[in-house]
Amino acid sequence: MAQASAATATTTPAGSSGDFPPFKQRHLLSIADLKQHEIIDLLDRAERMVPVSRQERKSHPTLAGKTQINLFFEPSTRTQGSFEIAGKRLGALVMNMSVKSSSVSKGETLVDTAATLNAMRPDVIVVRHSAAGAVELLSQKVGCAVINAGDGAHEHPTQALLDALTIRRHKGRISGLTVAICGDIANSRVVRSNLLLLGALNVRTRVIAPRNLLPAGIEHLATEVFTDMREGLKGCDVVMMLRLQHERANGRMIPSVREYYHFYGLDAEKLSFAKPDAIVMHPGPMNRGVEIDPAIADGVQSVITEQVEMGVAVRMAVLDALLPAGDHA
């Protein structure tokens, strides 16, 4: 595995907030809310959390006595599980709220749910919701820290942070790299968060997709926009593939899976246009044979499994940064 850069490497499994200046943000709702030094702060904290997760005794009781509620209105195995493990490794009491069996499914509004949870006096609520802006609304109704675990097609800030951490560990830097994000740009919440974060760290960003999967205004976020995958991948350091978001497509989708894979599926021939040492990423879950060839997904250039590991470290870092900033409950 590639080594971390000298600036971020550490020889101790420390990672408590005491090792860093106080984090000023009350919530983590959007990458757009973070200044460059705050992004780097979170990445450095996450780097310090990696050895904690790799040691035999995977605990660092920074959040002992704190309560974390994971409130997921959309199903998620990877993100919810990652937040749960992160909270428990830091010593928090973690509750996963099953929305389908809750009062929400019986007609309770988001504001009512927020008031109910606030009365339980949690220290942090991790929220995923299908509507853009729902997490920010909830954050206005509670007295604790709130973390956006994905809101509609809007943002997914911790995914962008874990992607950046993975890139930095393999490339030794982020600034000055060229990153191509390929696939369903229009319906992905991962794209906006990644473009905001990478842009803040001076990365040359490219998006690659068929025209009907390119949202209006994307040229204001990405450095370059391509509809030809081979052209878009030329000279790239990082290739980030996206899943086709059928559940959020609203009828704006591809004619056929076979045609999509022919033009936009990542295979060895298309990948050859990127730099020889380019890394391949995917936020998951993958549609093998649709957006990526299984041989590439499991190949030597793939860092997809490491992204999952870095997800735990990043979520530990975010929890660590937000909670010690004050008594939110």
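I started with a pair of helices and found that the crossing of α5 and α6 is right-handed. (A crossing is right-handed if the near helix is turned clockwise from the far one by less than a right angle, and left-handed if anticlockwise.) Helices here are DSSP runs of H or I with at least four residues, strands are E runs of at least two, and both are numbered from the N terminus.

A note on what I am looking at: this is a predicted model, in which local features need pLDDT of at least 70 and side-chain atom pairs count only at pLDDT 80 or more, while totals for chains, interfaces and linings use all residues. Residues are numbered from 1 along each chain as its sequence is written, and side-chain values use heavy atoms, with hydrogens and water left out.

**Back to the helix pair**

I looked up the geometry: α5 (residues 157-171) and α6 (residues 189-200) pack at about 55 degrees, and their axes are 8 Å apart. That makes α5 oblique to α6. The word has cut-offs: under 35 degrees is roughly parallel, over 145 roughly antiparallel, 65 to 115 roughly perpendicular, and the rest oblique. The axes are lines fitted to C-alpha atoms, for helices over the stretch in contact, and angles run from 0 to 180 degrees between N-to-C directions.

Which residues make the contact? From α5 I listed Pro157, Gln159, Ala160, Leu161, Asp163 and Ala164, and from α6 Val190, Ser193, Asn194 and Leu197. Contact means heavy atoms within 4.5 Å. I sorted these residues into 6 nonpolar, 3 polar and 1 charged. (Nonpolar covers Ala, Val, Leu, Ile, Met, Phe, Trp, Tyr, Cys and Pro; charged covers Asp, Glu, Lys and Arg; the others, Gly among them, are polar.)

**The sheet**

Next I followed an open sheet of 4 strands, ordered β2-β1-β3-β4 with parallel pairing. Two strands pair if DSSP finds at least two bridges between them. The edges are β2 (93-98) and β4 (145-151), each pairing on one side only. On average, neighbouring strands of this sheet are turned by 15 degrees against each other, direction ignored.

I then checked β3 (residues 124-129), which runs parallel to β4 and is joined to it by 5 bridges. Val126 stands opposite Ile147 in β4.

Helix α3 (residues 110-119) packs on the sheet and touches β1, β2 and β3, with its direction at about 165 degrees to that of β1. Helix α2 (residues 78-89) lies across β1 (67-72), β2, β3 and β4, and runs at about 180 degrees to β1.

**Loops worth a visit**

Pro61 lies in the loop between α1 (36-54) and β1. Is Pro61 buried or exposed? Pro61 is exposed, with a relative accessible area of 58%. (Buried is under 20% relative accessible area, exposed over 50%, partly exposed in between, using a 1.4 Å probe and protein chains only.) Neighbours within four places in sequence aside, Pro61 is in contact with Leu90 and Gly91.

Most residues other than glycine have a negative phi, and most peptide bonds are trans. I noted Arg121, in the loop between α3 and β3, with a positive phi of about 55 degrees although it is not a glycine. Asn202, in the loop between α6 and β6 (204-208), has a positive phi of about 65 degrees. Arg121 is exposed at 54%, and Asn202 is exposed at 52%.

My last stop was Pro285, in the loop between β9 (279-281) and α10 (294-297). The peptide bond from Gly284 to Pro285 is cis, with omega near -10 degrees.
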